[in-house]
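Trainee: Could you help me learn how to read a protein model? I would like to go through it one feature at a time.

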Amino acid sequence: MEYAYQYEQGPIRPPSEAQSLLLRVTRNCTWNRCHFCTLYKGDSFSVRSVEEIKKDIDGMKATGYYEDCRSAFLQDANSIVIQPSKMAEILRYLKERFPAIDRITTYGRADTLSRIAVEDYKMLKEAGLNRIHSGYESGSDEVLKLIQKGTTKEQEIEAGIRIREAGIQLSVYFMPGVGGKELSEENYRETADVMNRINPDYIRIRTFVPKKGSGIQQLIEEGRFTECTDLEKAIELKHFIENLHPISSRIVSDHIINLLENVKGTLPQDKEKMLEIFEELEGLAPENQRAYQIARRIGLVRGIRDMERLNKEQMQKVLELQRTGEDYGFEAFLRELLRRYI
Ligand code: SF4
């Protein structure tokens with residue numbers, strides 16, 4: 001007999017959770033006001049009951065699809081907001097029903113994370129929570145205010161210290177370009193300062209691209225925010241990495257939106273290697289930089305050296321699009337290409 005139970009799933013998960021069992025603990029976002037984000041617009045936040053969640057876990061078990069799953073991700077945007085005792089109960093039940101799962105992760109906002117006691121984090125770790133992802137985006141209070149993130153640098157540091165003290169892995173996100181040209185230096189300096197104080201396990205890069213219908217798009221139209229060029233955002237990332245010390249975080253570039261996907265590695269040993277990649281980009285002639293940008297934005301390459309592997313047809317396509325882009329307005333053209341991914 002076919003099993004007909006329909007369990008809920010939210011719209012997103014980090015790319016690193018592509019193979020994970022996705023369990024919806026809360027719906028949508030507690031904040032829903034970040035100027036760069038349109039994900040949950042029009043949807044209100046709600047907490048699901050423990051009974052409902054356990055029913056979903058049982059429903060997933062009954063499908064038989066998840067027996068080999070080694071990891072789980074608890075959705076949606078800020079599920080860590082629920083009472084720690086309830087979260088622990090969900091974690092324990094999930095582990096009991098799926099004993100093969102050895103990694104459970106979730107998202108949390110810095111303001112919420114900074115209010116959770118170290119003892120509660122320790123209880124959650126004991127119950128099975130191994131990693132917390134948090135979209136810090138920037139460590140600058142000025143930038144956080146501009147993008148209406150609703151968090152502060154102090155909360156980011158406090159959250160980071162507590163999570164690390166409890167022994168839970170911390171994966172934070174940095175958004176080069178989110179302060180615009182006006183706050184580019186402020187953005188990389190202050191964010192690097194936060195990272196240097198908390199030494200997160202992972203720093204994930206999400207280059208900023210304004211979404212249609214977002215608050216930042218409106219600021220751009222009103223002349224209150226000047227978007228950095230594609231290359232300027234990459235150089236902001238270079239300066240960010242230069243300012244990271246003395247930490248041992250792993251820099252992860254797991255999104256096609258980043259211009260140089262091969263800028264990744266573990267600090268401090270891979271720092272020079274990562275910085276050399278930017279030097280290579282800066283050393284290219286302007287027309288070759290633009291050809292690389294096009295090839296990257298249509299998904300043909302991950303790094304500059306990949307250009308050598310393009311065949312004749314692929315190279316022709318890149319050059320055609322480059323000409324179109326130059327007629328259209330190169331940055332606007334790149335933005336249109338990038339918007340296919342966000
Ligand atoms: S970026 Fe995250 S916290 Fe901000 S509105 Fe979107 S989902 Fe919510």
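Trainee: Into how many nonpolar, polar and charged residues does the shell around the ligand divide?

Mentor: Let's start with what we are looking at. This is a predicted model, where local features need pLDDT of at least 70, side-chain atom pairs count only at pLDDT 80 or more, and totals for chains, interfaces and linings use all residues. Residues are numbered from 1 along each chain as its sequence is written. Now the classes: Ala, Val, Leu, Ile, Met, Phe, Trp, Tyr, Cys and Pro count as nonpolar, Asp, Glu, Lys and Arg as charged, and the others, Gly among them, as polar. The shell here divides into 7 nonpolar, 2 polar and 2 charged residues.

Trainee: Which residues are around the ligand?

Mentor: A residue is near a molecule or strand if its C-beta atom, placed from the backbone, lies within 6 Å of it. Around this ligand you find C29, W31, N32, R33, C34, C37, L39, Y40, A77, R109 and G135.

Trainee: Is N28 buried or exposed?

Mentor: Count the C-beta atoms, placed from the backbone, within 10 Å of the residue's own: 20 or more others make it buried, 12 or fewer exposed, and anything in between partly exposed. N28 is buried because 20 other C-beta atoms lie within 10 Å. Its place is in the loop between β2 (26-27) and β3 (46-47).

Trainee: With which residues is N28 in contact, leaving aside its neighbours within four places in sequence?

Mentor: Contact between two residues is defined by C-beta atoms, placed from the backbone, that lie within 7 Å. For N28 the list is Y40, D43, S44, F45, D76 and A77. Take Y40: it is 12 residues from N28 along the chain, yet their C-alpha atoms are separated by 5.9 Å.

Trainee: What is the order of the strands in the open sheet?

Mentor: First, the general idea: strands of a sheet pair through backbone hydrogen bonds, either parallel or antiparallel. Two strands pair if DSSP finds at least two bridges between them. Strands (E, at least two residues) and helices (H or I, at least four) are DSSP runs, numbered from the N terminus. In this model, the open sheet of 8 strands has the order β1-β4-β5-β6-β7-β8-β9-β10, with mixed pairing. Its edge strands, β1 (21-24) and β10 (265-266), each pair on one side only.

Trainee: How many bridges join β4 to β5?

Mentor: β4 (residues 71-75) and β5 run parallel and are joined by 4 bridges. Here S71 stands opposite R103, and L74 stands opposite T106. The chain gets from β4 to β5 through helix α2 (residues 84-97), in a right-handed β-α-β crossover. Right-handed means that, with the strands pointing away from the viewer, the path from the first strand over the helix to the second runs clockwise. In β5 (residues 103-107), 4 of the 5 residues are buried.

Trainee: Where does the domain assignment place domain 1 and domain 2?

Mentor: Domain bounds come from an automatic or database domain assignment. For this chain, the assignment gives domain 1 (15-283) and domain 2 (286-342). Their centres, taken over C-alpha atoms, are separated by 28 Å. At the meeting place, 15 residues of domain 1 are in contact with 14 residues of domain 2. On the domain 1 side, α9 (230-242) and α10 (271-283) are the elements that give two or more residues, and α10 gives the most, with 3 residues.
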